[in-house]
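I want to go through the contacts one at a time.

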Amino acid sequence: MPRTFRFPTACCALLLAASIPFHARSSTPVVVGAAQYVDVSAYIHGDDQINAWYGMTWQLAQDFDYICGDTFCEGEYSNIEALRYRCSVHQVSGRIGMCLWMFAASHEEVDPATGKIGVDQAFWRCRTPLAPGTTLEELLAAVEGQSPLYAELPGGQGSIYEGLIDCL
């Protein structure tokens with residue numbers, strides 16, 4: 001008796017096998033969806049921590065605006081704008097993975113012959129010089145009650161301002 005090949009059944013089996021992620025086929029178990037690091041906004045909790053975080057980021061922008069004209073905003077890019085300060089936080093331990101402060105600027109020139117405006121744009125991602133293992137709680141405590149731009153960071157790594165010097 002000849003064997004009959006059931007094309008639809010075989011195709012379904014192949015498609016099902018191909019759709020299983022490769023790591024699911026290995027002998028090492030992988031937990032899907034178990035994020036280790038999250039954005040700080042998903043980590044902070046309680047009124048005190050929320051107020052401390054948003055107060056720090058607001059004050060950082062104010063501090064930068066105050067010094068920009070005499071420091072980083074001289075020269076080709078005179079309109080540098082602080083965009084957003086973000087940190088990644090290990091969701092269990094509270095250790096900071098990285099903090100970045102994003103900036104943008106532009107330089108525009110009008111072509112007198114055509115009236116067109118030429119734009120040279122620039123973007124910076126400035127990393128905060130944090131010591132490995134610094135927790136969000138330690139960072140917030142270090143900048144509490146003072147200008148966060150100049151506050152000494154935990155672990156003696158300098159200040160956020162010193163991180164900008166190497167970046168902008």
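I call a residue buried under 20% relative accessible area, exposed over 50% and partly exposed in between, using a 1.4 Å probe and protein chains only. The model is predicted, so I noted the limits: local features need pLDDT of at least 70, side-chain atom pairs count only at pLDDT 80 or more, and totals for chains, interfaces and linings use all residues. Residues are numbered from 1 along each chain as its sequence is written, and side-chain values use heavy atoms, with hydrogens and water left out.

**Disulfides**

I counted a disulfide when two cysteine sulfur atoms lie within 2.5 Å. The whole-structure search gave three.

I looked up C68 first. C68 is bonded to C73, S to S 1.4 Å. C68 is buried at 7% relative accessible area. C73 is buried too, at 6%.

Next came C87 and C99, with an S to S distance of 1.9 Å. The torsion about their S-S bond is about 110°, so I logged the disulfide as right-handed. C87 sits in strand β2 (residues 81-90) and C99 in strand β3 (residues 96-110), 12 residues apart. For elements I used DSSP runs numbered from the N terminus: helices are H or I with at least four residues, strands are E with at least two. Both C87 and C99 are buried.

Then I checked C126 and C167, whose sulfur atoms are 2.1 Å apart. Their link is left-handed, with -80° about the S-S bond. C126 is in strand β4 (residues 117-127) and C167 in the segment after α6, so the pair ties together parts 41 residues apart in sequence. C126 is buried at 2%, whereas C167 is partly exposed at 22%.

With the bonded cysteines numbered in sequence order, I read the pairing as 1-2, 3-4, 5-6.

**Aromatic pairs**

I paired rings of Phe, Tyr and Trp (its six-membered ring) if their centres lie within 6.5 Å; planes under 30 degrees apart are stacked, over 60 edge-to-face, the rest tilted. The search found nine aromatic pairs.

W101 and F103 have ring centres 4.8 Å apart and planes at 50°, so this pair is tilted. W101 is buried at 3%. F103 is buried at 1%.

Y150 and Y161 are also tilted, at 5.4 Å centre to centre and 40° between the planes. Y150 is in the loop between α5 (136-143) and α6 (160-165), and Y161 is in helix α6, 11 residues apart. Y150 is partly exposed at 42%.

Which residues form one aromatic cluster? I listed W53, F64, F72, Y85, W101, F103, Y150 and Y161.
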